[in-house]
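The sequence and the structure are shown first, and a description by topic follows.

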Amino acid sequence: MGMLRASPRLVAVLGPTNTGKTHFAIERMLDHQSGMIGFPLRLLARENYDRVVKRRGARAVALITGEEKILPPNPSYFVCTTESMPLDRPVEFLAVDEIQLCADADRGHVFTARLLHARGRAETMFLGADTIRPLMRRLVPDADYVTRPRLSTLSYTGHKKVTRLPPRSAVVAFAVADVFALAELVRRQRGGTAIVLGALSPRARNAQVGMFQAGEVDYLVATDAIGMGLNMDLDHVAFARLAKFDGHYPRRLTPAEVAQIAGRAGRHMNDGTFGTTAEEGPLDPAIVAAVEEHRFEPLTRLSWRNTSLNFRSLAALLNSLDERPPARFLVPVRDADDHRALRHLVANSEIAALAANPGAVRLLWEVCQIPDFRKVMSDSHARFLGQCFAHLAGAAGRLPTAWVAAQMAQLDRTDGDIDTLMARIAHIRTWTYIAHRGDWVESAADWQERARGIEDRLSDALHDRITQRFVDRRSAFLVRRLAGEAELLASVAADGEVRVEGTPVGRLDGFRFIPDAVEEGALRMLMNAANRVLRGEVTARARQLAGSADAAFAIDPAGTLLWRGAAVGRLAAGDTLLMPRIEVASGNFLDGEPREQVRRRLAAFVKGEIERRLAPLFALQEAPIGGIARGLVFQFVDTLGCIAAAEVADEVRGIDPPTRRLLGRLGLRFGTESLYLDPLLRNEAVHFRALLWAVRHGRKVPRLPGARHRGRAIAADPAMPPSFYAAIGRRVVGGLAVRADRLERLAAAARTRARSGKFAVDAELAAIAGTGLADTPQLLAGLGYRVVVGPDEAVVVAPPPRRRGAKPPARRRAAAPEGHPFAKLKELRFA
């Protein structure tokens, strides 16, 4: 008597995410001699195909999706997308994953059909969420139910700013524009993020997830595409949006949808958390409780479409597609892409004429199922389907090779931005689907290989573009290293370049860390990294500076103090011109006693430098003099070595001859117009005196004549006080700033000529004064001479006799005739 075959077993394995349902189903399948399992995504199918191949070998396993087929001669196991399951192949074991998608408005009818009709000869298994249990009991009452608990805990942590989310977090939004905006924010503040969108090809999506898994970035910004089929080491999921456009209208996420996405956090035995971003605000407590306790309202409707289609005619096909479901909780599909495409094509009389027999009607329906991966179902896609059908229904019964080649060639380009590349990938995926219809194209295997190659190249380019836009690898690296407790390895090169763990982050200029040009968020990271490694280096530099000889220091023309060429401080206004205050450029890493040591050493250098550069001035201070002469020297030092003779006439008359000779030997010149120190009129000393004056008065150092013109008179700036010109050894006379020694020589020459009566202003006098011929009359007028400007020349008449050092009386200036060389002075009037 033969053995009786046991009745096929029907099992529903239901539970939340991270319960090991998929692993359990694959193990059960491999316990049978043959099996088939359907997954909701091509990505999942490929991932599990690879897993089964490792267990049974490539010759025993087939992969069947809309866009990819790997079919060995006699496979025992089939790993497929749900839509592509070859149900005409009998197998011992059959499973469908994510069976709760029976309720999906767009694809649910396919899952419902599998639930009703797909069976294994020995065992059938449906995997999914517990929300489908009540309706499943009504459709398949003979099923056994297995409930699997979640392997880890999922907890709500409230809402936080995106920039304060912990590492290994995913931020979820639903519009591509929102995803890109969030990714840009994370890049600026945290160094970078991976991106996951439904529009990415599996290869590009895997590359982005791989970057996250490898720790190259610690954040992921995604749409709800992460809610299914992506197993990652995520610790936290944050919802930046809780509403989505589902293809028909905007709506809030259901608690079950929130749980599906949040369940990506905490895989295997690791607990996970979920929450929202600050902009979205806190989650409804009822939703939180439902997600944490895995309690959700059961599904009340499932999508359905008639699977017994009538291909006798176009009208019969449309009527069979519109057939009403057999139960009230089964709802007909609204506007499925293939059904909509069929209605569009049937309205075309040429297409309708070609579909004149059952075979042609069936072919048209198959063409309508060519997917539009752009998800827009535009008129252009409908026209494309019409072209395909016209070719396939023609005499050749195939798509023309030249047409296919031209269509693919247009897509084989890797230039363009992210949106352009995603659009090309969507197009080539459609061609990949077509190429896997071996009865539609010649040399199908060649076209499959070409389409796959184009998709791979576009996917790699897309991954590169996304990474370039949303990942700052250096900042992301620093974020990871700073998050750890290990000591950071850092170095400072001889030229000041700072490296942390071998990555250049900036340079050390003196004691100040200058980070490389980065955005605000990355700047904080660089400063944190520098703080961990540079304090010791800066303290050591402070000790070196304190022990350095004067030759290691310098003062630049703007008053910056340099040590070994690097800025370490600056001069600031002090109590007197000769005693500026020292401000240390300490940055963020020099403080306390090391900073004070630096300040004292810089102060000592500056004091010595002032005494060296203005040595004649200090020699006057040290001279063994007293009384009136000492008071005169005090005034003289206070002006940095130049003073009007008229202002100190009484003091000068009170100095005895020996003291006067002593001061003369020290470089002090007693002129009729000025007292000045001749050695301090040299160019280097003049610029240094200008710097000290600018520091004392809190001004920028005014521009001075260059070395070639240092003796020339310059126009006096009315905005500058006379004390500035005195500080640089000049006197303001007649609106001109004249060097004191030249002014004395001009006054002496004018006195000599005046002894003979009136005299002409000529080029010799202009050369002595360091002025142009046209400016010399006003300069002489400023010395008290009367100037008469004639048609050909200016004539000077000596002033009345006056006491040595007395102030000259005011003079009126004569007007110059029109066209005369002195015409510019015509508006001046002299006494």
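Arg-168 is located in the loop that runs between strand E9 (154-160) and strand E10 (169-172). Helices (H or I, at least four residues) and strands (E, at least two) are DSSP runs, numbered from the N terminus. Arg-168 has a relative accessible area of 14% and is therefore buried; buried means under 20% relative accessible area, exposed over 50%, and partly exposed in between (1.4 Å probe, protein chains only). The model is predicted: local features need pLDDT of at least 70 and side-chain atom pairs count only at pLDDT 80 or more, while totals for chains, interfaces and linings use all residues. Residues are numbered from 1 along each chain as its sequence is written, and side-chain values use heavy atoms, with hydrogens and water left out.

Contact means heavy atoms within 4.5 Å. Apart from neighbours within four places in sequence, Arg-168 is in contact with Phe-212, Gln-213, Gly-215, Val-217, Asp-218, Asp-233, Leu-234, Asp-235 and His-236. One of these, Asp-233, is 65 residues from Arg-168 along the chain, and the C-alpha atoms of the two are separated by 7.2 Å.

## The protein as a whole

The protein contains 28 helices and 36 strands. Of its 831 residues, 50% are buried. Among contacts with a separation of 6 or more, 66% are between residues 24 or more positions apart.

## Other buried positions

Ala-194 belongs to strand E11 (residues 194-196) and counts as buried, at 0% relative accessibility. Its contacts, leaving aside neighbours within four places in sequence, are Gln-208, Met-211, Phe-212, Val-217, Tyr-219, Leu-220 and Val-221. Between Ala-194 and Val-217 there are 6.8 Å in space, C-alpha to C-alpha, and the two are 23 residues apart in sequence. In helix H7 (residues 255-262), the buried residues are Val-258, Ala-259, Gln-260, Ile-261 and Ala-262. These residues pack against E9, E10, strand E13 (236-239), strand E16 (272-277) and H8.

Lys-21 is part of helix H1 (residues 21-30) and, at 11% relative accessibility, counts as buried. Gly-671 occupies the loop between strand E28 (668-670) and strand E29 (674-677) and is buried, with a relative accessible area of 15%. Beyond neighbours within four places in sequence, Gly-671 is in contact with Ala-645 and Glu-744.

## Two loop residues with positive phi

Most residues other than glycine have a negative phi. His-294, although not a glycine, has a positive phi of about 55°. It lies in the loop between helix H8 (285-293) and strand E17 (302-304), and His-294 is partly exposed, with a relative accessible area of 31%.

Asp-335 is not a glycine either, and has a positive phi of about 55°. The loop that holds Asp-335 runs between strand E18 (330-332) and helix H10 (337-346). With a relative accessible area of 41%, Asp-335 is partly exposed.

## Packing of H9 and H12

Two packed helices are described by the angle between their axes and the distance between the axes. Helix H9 (residues 314-321) packs with helix H12 (residues 358-368) at an angle of about 50°, and their axes are 9 Å apart. H9 is therefore oblique to H12. Axes are lines fitted to C-alpha atoms, for helices over the stretch in contact, and angles run from 0 to 180 degrees between N-to-C directions. Angles under 35 degrees count as roughly parallel, over 145 as roughly antiparallel, 65 to 115 as roughly perpendicular and the rest as oblique.

Leu-314, Leu-317 and Leu-321 of H9 meet Val-361, Leu-364 and Trp-365 of H12. By class, this contact of H9 with H12 has 6 nonpolar, no polar and no charged residues. Ala, Val, Leu, Ile, Met, Phe, Trp, Tyr, Cys and Pro count as nonpolar, Asp, Glu, Lys and Arg as charged, and the others, Gly among them, as polar.
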